[in-house]
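Subject: Structure handover

Hello,

Here is the structure I promised to pass on. Please open it first, then read my notes below.

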Amino acid sequence: MTILQHGFVFWILLALGMMAVVVFLERMLALRRAQIDHMDFVRGVCSVLSRNNVEEALMLCDETPGPVAAVALTAIQHRKATRNALREAVDNTGRAEISRMERRVMSITVTCQVAPLLGLLGTLIGIIRVVAALDAHAPLVQSADLTAGLLQTLVSAVTGLIVAIPCYAMYTMLMVRIERIVLEMEDGASKIIAYLTHEDTPLQ
């Protein structure tokens with residue numbers, strides 16, 4: 001039996017698995033670029049701000065990738081606002097950055113949930129093929145008449161699990177990385193806000 005005889009469900013699962021891998025690799029590269037030494041970055045920004053060089057601080061934030069730099073940029077841009085308004089602006093930027101980091105990750109989750117169901121669908125289709133073969137060739141049924149359907153049931157079920165299990169692992173790895181970056185972003189935002197709201201000399 002060739003791979004072409006495994007049924008359309010097999011090919012759907014194969015395509016979903018390949019797309020999930022592509023999304024995973026793209027997201028991992030994007031998250032790696034977004035993750036910086038946030039403590040060093042915040043110290044650098046505060047050092048620049050301490051010299052009242054706001055433009056340089058804004059440029060530093062703009063040229064640095066990642067959500068920590070994005071929330072720092074927002075905080076500096078809203079430095080003259082009240083603490084509540086400053087916090088709200090930073091929170092809005094933080095939510096936007098989280099949404100950006102989680103972009104397309106949901107597709108991996110969907111693949112993880114759908115793959116076993118597609119595997120079950122392929123299994124049931126294979127069983128239907130077996131029953132149809134039994135009905136067509138009864139009472140003299142040869143093993144060859146049943147092989148195609150039985151093999152399709154096994155291939156579909158196994159392929160569904162082979163796709164779903166790595167997808168779950170990839171999703172977990174991405175979410176752990178995102179959670180780590182979010183914690184760094186929140187820590188950096190808190191430090192920037194504390195610096196801006198407790199300065200004795202207002203920054204211009």
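Helix 2 and helix 4 are roughly parallel to each other. The term covers angles under 35 degrees; over 145 is roughly antiparallel, 65 to 115 roughly perpendicular, and the rest oblique. This is a predicted model, where local features need pLDDT of at least 70, side-chain atom pairs count only at pLDDT 80 or more, and totals for chains, interfaces and linings use all residues. Residues are numbered from 1 along each chain as its sequence is written, and side-chain values use heavy atoms, leaving out hydrogens and water.

**The helix pair**

Helix 2 spans residues 38-50 and helix 4 spans residues 67-77. They pack at an angle of about 25°, with axes 11 Å apart. Axes are lines fitted to C-alpha atoms, for helices over the stretch in contact; angles run from 0 to 180 degrees between N-to-C directions. Helices are DSSP runs of H or I, at least four residues, numbered from the N terminus.

The crossing of helix 2 and helix 4 is right-handed (the near helix is turned clockwise from the far one by less than a right angle).

Which residues of helix 2 and helix 4 meet? From helix 2 come H38, F41, V45 and L49; from helix 4 come V68, A69, A72 and I76. Contact here means heavy atoms within 4.5 Å. By class, this contact has seven nonpolar residues, one polar and no charged. Ala, Val, Leu, Ile, Met, Phe, Trp, Tyr, Cys and Pro count as nonpolar; Asp, Glu, Lys and Arg as charged; the others, Gly among them, as polar.

**Salt bridges**

The count is six salt bridges (a side-chain nitrogen of Lys or Arg within 4 Å of a carboxyl oxygen of Asp or Glu). One of them joins E26 and R27, at 2.8 Å, N to O. E26 also bridges to R104, at 3.1 Å. That pair links distant parts of the chain, 78 residues apart. E26 sits in helix 1 (residues 8-34), and R104 in the loop between helix 5 (83-101) and helix 6 (105-137).

Buried or exposed? Buried means under 20% relative accessible area, exposed over 50%, partly exposed in between (1.4 Å probe, protein chains only). R27 is buried, at 5%. E26 is partly exposed, at 28%. R104 is partly exposed too, at 39%.

D91 and R87 form another salt bridge, at 3.3 Å, N to O. Both lie in helix 5, four residues apart, about one turn of the helix. Shared partners join E26, R27 and R104 into one network of salt bridges.

Best wishes

Definitions and conventions. Helices (H or I, at least four residues) and strands (E, at least two) are DSSP runs, numbered from the N terminus.
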